[in-house]
Amino acid sequence: MTVSIIRFGGSNCDRDAERALAHLDIDAEIVWHEDGLPENTTGIVLPGGFSYGDYLRAGAMAARSPIMAEVREAAADGTPVLGVCNGAQVGCESGLTEGAFTTNESARFQCEHVYLRVERDDTPWTAAYEEGDVIEVPIAHGEGRYEIDDDRLAELEDEGRVLFRYCDADGETGPDANPNGSKHNVAGVLGEREHVAVLMPHPERATLPDVGGTDGQGVLRGFETAVTGAE
């Protein structure tokens with residue numbers, strides 16, 4: 001398989017993602033958004049960064065790049081797509097997932113390690129974990145607060161589309177374990193189908209043992225799981 005990591009103007013986590021995937025023996029290549037998706041693409045990463053300087057809203061301009069129409073088409077055909085941090089913002093802005101990420105409740109850039117509770121273990125992105133597991137990964141964002149209409153959030157909860165939730169080391173959620181004020185402590189959500197996901201924390205920064213732990217490896221393993229499960 002080959003995972004295409006889409007680089008927009010202002011992306012800065014594309015190389016992090018490439019290195020993390022290579023560490024897991026998953027082939028990946030960085031693709032400039034104006035060049036379109038390569039024909040051999042079997043997975044897609046929307047990486048973190050500050051695409052177009054977060055002008056208008058974080059992710060809003062990148063979401064309107066022509067390549068995102070290709071990404072949506074690929075996702076509809078079953079290609080796994082993972083949006084991370086700014087990539088999560090792009091994913092929401094482009095309609096891959098519902099809701100939006102907006103300014104942190106603190107109105108400050110938050111850069112720290114956080115705990116996440118795995119809400120489901122039957123998706124490609126969480127198959128390496130058990131439901132209820134607590135993993136530690138870093139965040140680095142100024143607009144990471146997940147917002148969505150209350151009624152629609154209730155529906156997402158009922159549909160099991162909340163993937164990760166901010167928590168403390170014991171797996172308890174609440175205001176003290178919520179770094180940005182996200183509704184219901186939501187840190188990651190699924191699209192209409194389970195092979196599409198976005199999350200604000202950075203699993204690629206918790207993949208290499210020498211750079212901050214390995215708790216995020218299971219998320220990136222989702223590309224292998226999604227492709228294997230589709231075969």
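1. Helices (H or I, at least four residues) and strands (E, at least two) are DSSP runs, numbered from the N terminus. The model is predicted: local features need pLDDT of at least 70, side-chain atom pairs count only at pLDDT 80 or more, and totals for chains, interfaces and linings use all residues. Residue numbers start from 1 along each chain as its sequence is written, and side-chain values use heavy atoms, with hydrogens and water left out.

2. The order β2-β1-β3-β4-β11-β10-β9-β6-β7 describes an open sheet of 9 strands with mixed pairing; two strands pair if DSSP finds at least two bridges between them. At the edges are β2 (28-32) and β7 (134-141), each of which pairs on one side only. On average, neighbouring strands of this sheet are turned by 25° against each other, direction ignored. Axes here are lines fitted to C-alpha atoms, for helices over the stretch in contact, and angles run from 0 to 180 degrees between N-to-C directions.

3. Within the sheet, β10 (residues 186-190) pairs with β11 (residues 196-199) in the antiparallel sense, over 3 bridges. Leucine 190 has alanine 197 of β11 as its bridge partner.

4. Helix α1 (residues 14-23) lies across β1 (3-7), β2 and β3 (43-46) and runs at about 165° to β1.

5. Helix α3 (residues 86-93) is largely enclosed by the rest of the structure, because 7 of its 8 residues are buried. Buried means under 20% relative accessible area, exposed means over 50%, and partly exposed lies in between (1.4 Å probe, protein chains only). The buried residues are Asn86, Gly87, Ala88, Gln89, Val90, Gly91 and Cys92. Their cover includes β3, α2, β4 (81-84), β5 (100-102) and β11, where contact means heavy atoms within 4.5 Å. Glycine 95, which follows α3, has a positive phi near 90°.

6. Leucine 56 counts as exposed, at 64% relative accessibility. Tyrosine 52 is partly exposed, with a relative accessible area of 32%. Although tyrosine 52 is not a glycine, its phi is positive, at about 55°.

7. Alanine 107 lies in the loop between β5 and β6 (110-118). With a relative accessible area of 61%, alanine 107 is exposed.
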